Amino acid sequence: MSEEKKPVRYREPSDAGKVIIPAVVTLVVGLVIFYFALPAINLFSPGFWGFLIVLTGVYLFTAICCSSHDGRFESKDAGRSVRIPFYVIIALIVLYILGGVSSVKLFNAKRYAGLIDVKTAVFEEDMPETTNVNNIALMDTASASIIGNRTLGSLSQVVSQFEIGANYSQINYLNTPKKVANLEYADFFKWMQNRSSGIPGFVMVDPLNNSAEYVQLSKTMKYVDSAYFGKDLRRKLRFSYPTKIFHEIYFEIDEAGNPYYIVSCKSPNAGLFGAMDISEVIIFNPCDGTSSLYDVKDVPSWVDIVYDGNLASDKYNWYGTLSGGFFNSIIGNKNCKRATNDYGYVVLGDDVWYFTGVTSVNKDESNIGFILTNARTGEYKFYPVIGAEEYSAMNAAQGEVQEKGYKASFPSLVNIGGQATYIMVLKDSGGLVKLYALVNVEKYSMVATGTTQQEAMAAYKKVLEKNGIGSGEAPEELPQYKITVSEVRMISVDGVPTVYVSAEDGNVYKGNLNTDESLVLVRVGDKLTVTAEDSDIAGIRLIRTWSR
């Protein structure tokens with residue numbers, strides 16, 4: 001006879017094991033999550049609260065597995081070991097929600113609005129008259145990437161192993177605007193092959209002459225975004241500064257051409273998570289992994305980007321909309337204003353400044369002024385120059401060369417003949433710069449373009465002279481034409497509403513509805529007296545004034 005098999009009995013962990021096992025499992029899971037997710041160990045970081053909730057959930061799940069058999073808790077102690085982490089999770093979630101509620105603008109409007117002090121300044125005093133554009137970064141990141149990749153592509157020994165980082169930093173290098181981006185490993189296997197030697201250099205783009213150069217470093221960079229494990233830039237930073245809440249990381253070079261990462265660290269000014277602003281800055285050396293922590297007021301002058309452009313705009317919007325209280329920002333909107341949706345760069349002295357227009361919250365197509373924000377110090381200046389908002393100016397520039405289909409970049413600002421003037425580039429479908437454009441801020445029908453900055457500047461000065469600006473002379477007398485309208489067409493050209501008036505004399509007269517809305521009143525058969533000038537296209541004249 002075969003022996004009868006005895007049933008396998010479930011063996012419960014001891015009471016100590018019901019605590020130790022979940023604790024060990026939670027510790028291991030926590031270390032793995034921290035290694036890969038890299039949360040800041042800081043109560044003012046929303047990510048840290050999520051980290052705590054996940055870890056408590058892991059402990060609860062493990063405790064349930066250790067304390068139950070066939071779905072039953074075997075003792076009061078076992079039930080307690082499960083209930084406590086459950087209550088902790090509930091408490092963490094409640095505290096996280098309360099922290100979020102305590103941070104909202106409804107309860108902290110003055111704290112949000114009070115982050116900055118905006119000084120009113122005089123445009124002509126702060127912005128010296130421009131004779132040659134040498135302090136404006138007219139090139140956007142997309143165009144810089146095209147030129148940079150073209151330069152790197154000519155270096156076969158480099159391009160086969162590395163690629164250019166996606167983000168170009170706008171800096172002031174030896175009092176000249178530059179865009180810089182470090183090389184990155186192309187993939188994991190390229191990192192494996194080159195990890196001992198490191199990243200050999202970076203690319204510097206000159207936005208003034210549309211050129212780029214590859215700069216070989218005497219000492220290679222070992223800590224970058226595309227590295228892995230201990231050489232990963234963000235992991236190295238987190239292990240060195242476990243409690244800091246990182247905001248943005250920018251690659252820059254000092255005046256001697258040495259590479260650094262500039263790491264902005266933020267802290268809240270309202271409730272637990274609200275009104276985040278930069279409080280400290282880490283300057284990290286990617287070659288040897290050393291770093292220094294500075295108070296935001298003590299950052300060295302060669303550093304250019306501490307406050308990124310999006311944060312600078314957000315802070316002004318908080319100031320512009322919440323200074324009169326939260327409910328005024330929702331109902332009434334008295335004296336509420338906000339920055340436009342993008343920004344350009346201007347180099348003044350040794351600093352990079354963000355430029356953006358200021359408009360009312362009603363989204364008018366005109367600006368009530370513009371602001372300059374110092375990217376290093378966070379200083380704000382407001383200039384009450386009333387005129388067209390940036391996107392209207394961009395459309396006006398595109399309309400001048402509509403047959404080419406070029407697209408305008410977001411403009412920056414210069415002073416020409418005492419006139420606030422938008423300056424921008426016009427790019428083809430491939431992203432290459434083809435033309436430069438200048439548009440008068442107050443009268444954006446005054447537009448000039450050129451294939452070079454000098455050519456565009458000369459053409460713009462002629463436009464100013466025709467309108468009696470800058471020369472002290474009366475506006476140039478334009479010829480008048482008496483016409484009979486044979487056809488009227490209204491077309492949107494790159495978002496610019498345009499009227500084409502065909503006359504019986506065979507010529508076509510073109511007008512911009514943004515500049516003169518009365519053109520909608522022109523009808524077939526009307527006999528008009530038109531003041532106009534010839535355009536670049538034969539047979540088409542640009543309407544300046546008209547009357548019946």
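**The nonpolar patch and what lies around it**

Modeller: Happy to! Ile93, Tyr96, Ile97, Val101, Val104, Leu106, Phe107 and Phe327 form a nonpolar patch on the surface, and together they have about 730 Å² of accessible area. Please keep in mind that this is a predicted model, in which local features need pLDDT of at least 70 and side-chain atom pairs count only at pLDDT 80 or more, while totals for chains, interfaces and linings use all residues. Residues are numbered from 1 along each chain as its sequence is written, and side-chain values use heavy atoms, with hydrogens and water left out.

A patch takes residues with over 30% relative accessible area and no salt bridge, joining like charges within 9 Å and nonpolar side chains (Val, Leu, Ile, Met, Phe, Trp, Tyr) within 5 Å. Accessible areas come from the Shrake-Rupley method with a 1.4 Å probe, and for residues only the protein chains shown count as cover. The elements that give two or more residues to the patch are α3 (76–101) and α4 (105–113). Helix α3 supplies the largest share, four residues. Helices (H or I, at least four residues) and strands (E, at least two) are DSSP runs, numbered from the N terminus.

Tyr96 is found in helix α3. This tyrosine is partly exposed, at a relative accessible area of 33%; buried means under 20%, exposed over 50%, and partly exposed in between (1.4 Å probe, protein chains only).

Now let us go inside. In soluble globular proteins, nonpolar side chains tend to be buried together. Here the largest nonpolar core has 39 residues, and Leu183, Leu237, Ile253 and Ile282 have the most contacts inside it. Strand β7 (residues 199–206) gives the most to this core, with five residues. A core is a set of buried Ala, Val, Leu, Ile, Met, Phe, Trp, Tyr and Cys residues joined through side-chain atoms within 4.5 Å. A second, separate core of 31 residues includes Ala388, Ala408, Leu435 and Tyr444. Leaving out residues up to four places away in sequence, Leu183 touches, among others, Leu152, Phe162, Ile199 and Val203; a contact means heavy atoms within 4.5 Å.

Charged side chains come next. A search of the whole structure finds nine salt bridges, each a side-chain nitrogen of Lys or Arg within 4 Å of a carboxyl oxygen of Asp or Glu. One of them joins Lys315 and Asp277 (3.0 Å, N to O). This pair links distant parts of the chain, with Lys315 in helix α10 and Asp277 in strand β11 (residues 277–284), 38 residues apart. Lys315 is buried, at 2% relative accessible area, and Asp277 also counts as buried, at 10%. Another salt bridge brings together Asp187 and Lys190 (3.8 Å, N to O), and here Asp187 is partly exposed, at 31%.

Lying in the loop between β12 (291–295) and α10 (309–322), Asp304 is buried yet has no salt bridge, and the nearest side chain of opposite charge, Arg376, is 6.1 Å away.

Finally, step back to the whole chain. The protein chain has 13 helices and 29 strands, and buried residues make up 50% of its 548 residues.

How values were computed
Lys, Arg positive; Asp, Glu negative; His and termini not counted.
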